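I open this notebook to record what I looked up on how two chains meet. The structure comes first.

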Amino acid sequence: MTSNSFLQVAFYVITLLALAKPLGRYMANVYEDKSVGLNRLLAPVETSIYSLSGVNPKEEMRWTDYAIALLMFNLLGALAVFMLQRFQADLPFNPQNLSAVSPDSAFNTAASFATNTNWQGYGGETTMSYLTQMLGLTVQNFVSAATGMAVLVALIRGFIRRNSDSIGNFWVDLTRSTLYILMPLSLILALLLVGQGVVQTFSAYHTVPLVESVSYEQPKLGADGQALQDADGKPVMESVEAKEQIIAVGPAASQVAIKQLGTNGGGFFNVNSAHPLENPTPLSNFLEMLSILLIPAALCYTFGVMVGDTRQGWAILAAMTIVLVSLIFIEVPAEQGGNPAFASLSIDQTTTSEMQAGGNMEGKETRFGITNSALWAVATTAASNGSVNSMHDSFTPIGGMIPMWLMQLGEVIFGGVGSGLYGMIMFAIVAVFVSGLMIGRTPEYLGKKIEAYEMKMAAITILIPPLVVLGGTALAVMVAIGKSSVFNPGAHGFSEVLYALSSAGNNNGSAFGGLSANTPFYNTLLGIAMLFSRFWLTVPVLAIAGSLAAKKIVPVGMGTLPTHTPLFVALLIGVVLMVGALTFLPALALGPVVEHLQMIHAK
Amino acid sequence: MIKHLKPAMILFVLLSVLTGFIYPAVVTVLAQIIFPEQANGSLLTDGKGKLTGSILIGQSFSSPKYFWGRPSATAPFAYNAGASSGSNLGPTNPALVDAVKARIETLKAADPKNEAPIPVDLITTSGSGLDPHISPAAANYQINRVAKARNLKPEKLHALVEAHTESRQLGFLGEPGVNVLKLNLALDNIH
């Protein structure tokens, strides 16, 4: 790593941690219904939303009601996204006259955006009308993120309440998350991004003349519109000259801002944040990358404030940061090392800081080079964001394994907004239980006794994603229809499938893009994987919230294991890595590990 | 169950209007007022107001008298800005090595006397297929070829490349690069 590389990584991590406290404090005020300044402006909006929809904001919900309200709201959202895609051809804001999306792809995308995954089986600029992008996808970017935050806040209430049968009001948590946190941050970020060159317009795509025309071959079409074939059955090719370039534009900045902040990740364009009109400069890249981890990091502090002991929040943030930074320092050198297959060719892969980035540049943009592509890959998979600024399929085997493993850890190293932290709290519950067994202390966390019911629910949330990922991968590589979508040969082809299931089964959304996933088989398999992994985790977490809220608070005593110490941080990291390593090492050995060995021994 | 249906539906509609219409509309209006050029795609126009490209979107160049950009994997032709795409070729895929070898041959054929190793970004495809930049090393590598094709002194081109090299943003963010379209338009304006 060059000194500039160190500097960029350090600047990123330090800025992130510096912002965690102020934003975390602000969000705690929002959820504790204190004045936050903005509510002088937006309180009338909030009140009228409640009165129009017949919500009494003072009314508390049991965990079961909270879960039903949440599921119903998300189901409605998925239905709306599905319908918008199916009827977009007949709806306004479709200047390119894009046609209706196929039913399987529309199902996949609806599941994808309602679950905060934002897996994309489609190419944005060639598939989705402006209306679908805004009213379908952007809306889900907001409300799926707000849903995750609501569940987290409900879980926190479980810890702070005693002998209570309620955990808050879902409608209020949802509305406040959207109105006071996600919308203002997105508005600011969107305008900063436009300043750097991200497009924001309702105009149709631009056609511009090329300086030098491009000639290419394409199959010749007959009078019936079908490709002509010669005597051998091969398509007849004709040479065509392209003198113009069509430049896709659209209302991108507003969507890009929330897709980064809400750990959504669904790009406006096909290549996501590698596209120069979605991520034009190193500064836009920094802002987008910072936004990936901003809210998940700050929520740790919010958690600390709300449970009345900020050290608890810092401890969890420390555990996340230690894993993140360690993996950054594996990822960047892996990509900087370049491709050994090029060593015998007349190619310069060395980095000469001011002249070229060097390294494995296939699928990477010049303005981001190695450092920012590798750093982004770690950040986007640590969080369940899944946006990309380079093509992960073209990463070196180790460079591709780190993002894959970060997803497989259950998206708890920062993770999704809300969902990352509630996932991590599940691991903390397991950690206090395990340490309780080891030293013979009654397990308790934040003053609540952890008993069989909580452990069962926590175990479900930790075991469902691996089941979906490994079961789904096994299914996909056993059937011909699953294998036929694989693009790269050998072990890397297996990695493509494993990556896809790891991404869908942990609600990340990034991809090894070579896999042709826009088929009825993968659209269905991955759609179901995303729904399982989101809602089969949400419901047990809410059940724990309800169970904890009903308990009394145990005073801290001699037998209490402190959960803010470096020892507990190490224990928490240990549990996360142990579960992740034991579950996924065999599968990783078949994919990236084999490929790495092949790569370094091939001459 | 039923009692949650009404708030779910109305709240969904209200939040959809707020985040799906009002929010993007407000961003668009503000963006068009504050940053009209950027919001519309950083488009370039010639003297007569005709569109000639976007400063952020690369174009394909293959004539020896122009600087060439990154190889592009977009279909059906390179730098199709209507359908961005990467190659997605894995590092151990033989097709990647074959494609790279073919690109090396093309570069060598256009400039047989150049024995220097080729900067890696000049023979690998970009993530978007629309990368507007190449590294300064990749620009320098091509100077002799372009100079010969245009009957210009290499020193003159060195100066031009240097003038078009964008250093790291704020001094340390990202990587230095040369905007190929800008550089080539400047080349055409030399005469």
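My entries on the interface follow.

I note that this is a predicted model, in which local features need pLDDT of at least 70 and side-chain atom pairs count only at pLDDT 80 or more, while totals for chains, interfaces and linings use all residues. Residues are numbered from 1 along each chain as its sequence is written, chains are lettered from A and ligands numbered from 1 in the order in which they are written, and side-chain values use heavy atoms, with hydrogens and water left out.

Entry 1, extent. I found 106 residues of chain B in contact with 119 residues of chain A (heavy atoms within 4.5 Å). The area buried between the two chains is about 9100 Å², with 67% from carbon and sulfur atoms; this is the accessible area (1.4 Å probe) lost on putting the two parts together, summed over both.

Entry 2, salt bridges. I counted two between chain B and chain A, taking a side-chain nitrogen of Lys or Arg within 4 Å of a carboxyl oxygen of Asp or Glu. In one salt bridge, Asp131(B) meets Arg367(A) at 3.9 Å, N to O.

I looked up which elements of chain B supply at least two residues of the side touching chain A; among them are helix H1 (2-34), helix H3 (94-110) and helix H4 (136-150). Helices here are DSSP runs (H or I, at least four residues) and strands likewise (E, at least two), numbered from the N terminus. H1(B) gives the largest share, 25 residues.

Asp348(A) has Pro119(B) as its bridge partner in S3(B).

Methods:
Two strands pair if DSSP finds at least two bridges between them.
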